[in-house]
Amino acid sequence: MTDASTDVLIVGAGPTGLTLALDLARRGAAVRIVDKSPAHPRTSRAKGPNPRSLEILADLGVVDEVLAAGSAPLPMRVYRDHRPVAETDPWADAAPTPATRFDRPWLIALWRLEEILRARLAGHGVRVELGREVVGLEEEADGHHVDVTFADGRAERARYVVGCDGAHSPVRKLLGITFDGTTAEDQVMVSGDVELDHEDLGRDRWHQWFDADGAVMLCPIPGTRTGWWFQAGPERDADGRPLAPTLGGFRRLLTQHTGLPGRHLTRAELLSTYRVNVRMADRYRVGRVLLAGDAAHVHAIAGGLGMNTGIQDAFNLGWKLGQVLAGQADAGLLDTYEEERLPVAAWTLDLTSDRLRATLEAIREPGGNLSSAMTPETAGLGIGYRWSSLAGTEAGTEAGKAPDAPATGPHPGDRAPDAPCRDAATGERTHLYGTFAGPHTAVLGFGPASAAVLREVAATYGEGPGVRACRVYAADEDHGTAEPGSLIDDQGHAAAAYGFGAGGSGLVVIRPDHHVGIVAPAGDPGPVREYLRRLHGAPGMVDAVR
């Protein structure tokens, strides 16, 4: 066995694994991603990224392709006894705000999203290795790498391994991590990708038939002419046990619940049976092996948070692995991944279970529909980590807020708000998330008093990708000698969003995953200096043994 040349081996090439691989690859890590499947799946079952995941995809440079390949979420048309009885659009009143670019989730087939992520990853020279099944893991006594055994008998080494290999995760099982929770055997749904040639069924709606004895839901798959997602309550045998999904069964269900002739359903593939599982791993890390996505948590599908929670796991973990691999932070930083994301998983399990109960109650009545599963919380924009040790604490102050920091605005650990601005050098329109985008920490400085601290940050960390200092000028400030990358808050949205108000001043450190690290007074470099040292090491620090 040769010495490890792989920094991170990712097991599982779904959206979680691909997001993590892409984030690490752009940081220069030697990453590999394997999947036991012999070919890339073509399933369309996931409905798509929510607003928070869209922000992450924008940071990774793929959101324009995702938006082009998909569509806005569709209004819902609800039927009872084969007749339309209601129509609703859960996103009718949604609109972008200065702090939030994306105001609704996006409809895209899972296979297409994965295809976009794989293409971007290939641009970094990394391709998914198919047909590679992991059957053994052993962390070596030297503590510097993990030996990985594959089903074909080959063994390889990696500095870290991340299991993104789904609810039945072999990585989790090899680690002996418990996956406690419940399975609701009576809550069953069958689904698949189908072709329909019924021209009267408009593709501008998500059609939902709910009856006392079952349901059928048909949602058009973007980018196809006759493709639909089919979801339904299952057929059952004489003893009430659910039957496995088949083309014939789908045709019978279609006729029974919709009144449409079954012959119009011409093809059904990627058929599956879904049972409501609510389970969570009791830990996310064992030494140099970590879990993310469905390998760490599964829950009810209400609200569409499964794939999204996995993407957001990966974005939280990626920058932390990157800092450790670069020798800028010790391995203890990886403990904050579980510290931050495990409570989010527990919250997600509770939220989705609650939304499922609400939805099942709603559809008992004529006109009830799946909009009961959608709430502002399912957008993902309110998720933060105020409890995290990365939020820091200054003596005698709020967690993470240095003395004299503004009482309003986001708390450390919160998602950092966006805001429209102008580039100070070119005058072109831009926004704060353009400054945050990329594998770096950002330091925002408001008010003239912040300039000295920003100069120190720039001098300490240089022009590399690690830290970016950004002066945010008020509209009436003189910016004639503005530093490169400076912004003009010409409408005042940035200062308002961060609690400084007109003419206010202060410093804000934004973590690479768009969460506020610390807020400090403009003229005090101490809190910023200490926070950056924790994430990026001491000035002039060289790579440590990884």
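**Helix contacts and ring pairs**

Guide: Let us begin with helices H1 and H4, whose crossing is left-handed, keeping in mind that this is a predicted model. H1 covers residues 15–26 and H4 covers residues 110–122, and their axes come within 10 Å of each other while crossing at roughly 20°. Because angles under 35 degrees count as roughly parallel, H1 is described as roughly parallel to H4. On the H1 side the contact is made by Pro-15, Leu-18, Thr-19, Ala-21, Leu-22 and Ala-25, and on the H4 side by Leu-110, Glu-114, Leu-117, Arg-118, Arg-120 and Leu-121.

The axes of H2, residues 51–59, and H7, residues 306–325, come within 9 Å and cross at roughly 45°, which makes H2 oblique to H7. The crossing of H2 and H7 is left-handed. Here Arg-52, Ser-53, Ile-56 and Asp-59 of H2 meet Asn-308, Ile-311, Gln-312 and Phe-315 of H7, and the residues of this contact divide into 3 nonpolar, 3 polar and 2 charged.

Counting rings as paired if their centres lie within 6.5 Å, the model has 7 aromatic pairs. In one of them, the rings of Tyr-79 and Trp-209 have centres 4.5 Å apart and planes at 15°, so this pair is stacked. It links distant parts of the chain, since Tyr-79 belongs to strand S3 (residues 76–80) and Trp-209 to strand S10 (residues 206–211), 130 residues apart. Tyr-79 and Trp-209 are both buried.

Another pair joins Phe-446 and Tyr-498, whose ring centres are 6.1 Å apart and whose planes stand at 35°, so the pair is tilted. Phe-446 lies in strand S19 (residues 441–446), whereas Tyr-498 lies in the loop between helix H11 (493–497) and strand S22 (506–510), so the pair ties together parts that are 52 residues apart in sequence.

Technical notes
Residues are numbered from 1 along each chain as its sequence is written. This is a predicted model: local features need pLDDT of at least 70, side-chain atom pairs count only at pLDDT 80 or more; totals for chains, interfaces and linings use all residues. Side-chain values use heavy atoms; hydrogens and water are left out. Axes are lines fitted to C-alpha atoms, for helices over the stretch in contact, and angles run from 0 to 180 degrees between N-to-C directions. Helices (H or I, at least four residues) and strands (E, at least two) are DSSP runs, numbered from the N terminus. Angles under 35 degrees count as roughly parallel, over 145 as roughly antiparallel, 65 to 115 as roughly perpendicular and the rest as oblique. A crossing is left-handed if the near helix is turned anticlockwise from the far one by less than a right angle, and right-handed if clockwise. Contact means heavy atoms within 4.5 Å. Ala, Val, Leu, Ile, Met, Phe, Trp, Tyr, Cys and Pro count as nonpolar, Asp, Glu, Lys and Arg as charged, and the others, Gly among them, as polar. Rings of Phe, Tyr and Trp (its six-membered ring) pair if their centres lie within 6.5 Å; planes under 30 degrees apart count as stacked, over 60 as edge-to-face and the rest as tilted. Buried means under 20% relative accessible area, exposed over 50%, partly exposed in between (1.4 Å probe, protein chains only).
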